[in-house]
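Dear colleague,

I am passing on the structure below, together with notes on what turned up when I went through it. Please read the notes with the model open beside them.

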Amino acid sequence: MKHLIIIIAALLFCSVKTIAQKDIAHTRISILTCGPGEDLYSLFGHTAIRIIDSTNHTDTVYNWGGFTFDQPNFYLKFLRGKLLYYSSADYFPDFMYEYVIEHRSVYEQVLDIDSPAKKRVIDAV
């Protein structure tokens, strides 16, 4: 009986691992490179990570350079590298809306990485 439980547990573990790898195989990860804007804070452009999960029907952009304009001495802090930044996750069409309105370019570079590397990226965001 003990051996049967171990075999069943091993089979279940392998099945879960196989399902997870199949799901992640349908995930596309890319780098978005956004062109510069006219405002001082956007003169150097921006990059973000886009993850499309076709299994769960999600399309999310992860940013690590968000900020609010209402910080005291905004531009001084920005220039000195002392601005308080935050990370965010946005639905891709919402992310693109701002760049379309501002007539800024967005280039996408799809990463050619295997499933374990995709998993590491997803775990990191």
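Along the sequence, the protein runs in the order α-β-β-β-α-β-α-β-α, with 4 helices and 5 strands in total; helices (H or I, at least four residues) and strands (E, at least two) are DSSP runs, numbered from the N terminus. The model is a predicted one, in which local features need pLDDT of at least 70 and side-chain atom pairs count only at pLDDT 80 or more, whereas totals for chains, interfaces and linings use all residues. Residues are numbered from 1 along each chain as its sequence is written, and side-chain values use heavy atoms, with hydrogens and water left out.

Of the 125 residues of the protein, 26% count as buried, where buried means under 20% relative accessible area, exposed over 50% and partly exposed in between (1.4 Å probe, protein chains only). Among the contacts with a separation of 6 or more, 56% are between residues 24 or more positions apart, a contact being heavy atoms within 4.5 Å.

The largest nonpolar core has 7 residues, namely Leu32, Cys34, Ala48, Val61, Phe92, Phe95 and Tyr99; such a core is a set of buried Ala, Val, Leu, Ile, Met, Phe, Trp, Tyr and Cys residues joined through side-chain atoms within 4.5 Å. Strand S1 (27–34) and helix H3 (92–101) each supply at least two residues of this core, and H3 gives the most, with 3 residues. Apart from this core lies another, of 5 residues, which include Tyr41, Phe67, Phe78 and Leu83.

Helix H3 deserves a separate look. Its buried residues are Phe92, Phe95 and Tyr99, and, seen down the axis of H3, they fall within an arc of 70°, so they line one face of the helix; the arc is that of the directions from the helix axis to the C-beta atoms. These buried residues pack against S1, strand S2 (46–53), S3, strand S4 (86–91) and strand S5 (106–110), whereas Asp94, Tyr97, Val100 and Ile101, on the other side of H3, are exposed. Just after H3, His103 takes a positive phi of about 55°.

Asp59, in strand S3 (residues 58–66), is buried, with a relative accessible area of 14%. Its side chain is joined to that of Arg50 by a polar contact of 2.6 Å; a polar contact is a pair of N or O atoms within 3.5 Å, of which, within protein, one must be able to donate a hydrogen and the other to accept it, and residues adjacent in sequence count only if both atoms are side-chain atoms.

Finally, the structure holds 3 aromatic pairs, meaning rings of Phe, Tyr and Trp (its six-membered ring) with centres within 6.5 Å, where planes under 30 degrees apart count as stacked, over 60 as edge-to-face and the rest as tilted. Phe74 and Tyr75 form an edge-to-face pair, 4.9 Å centre to centre with 80° between the planes; Phe74 is buried, with a relative accessible area of 7%, while Tyr75 is partly exposed, at 38%. The ring centres of Phe95 and Tyr99 lie 4.9 Å apart with their planes at 40°, so this pair is tilted. Phe74, Tyr75 and Phe78 form one aromatic cluster.

With best wishes
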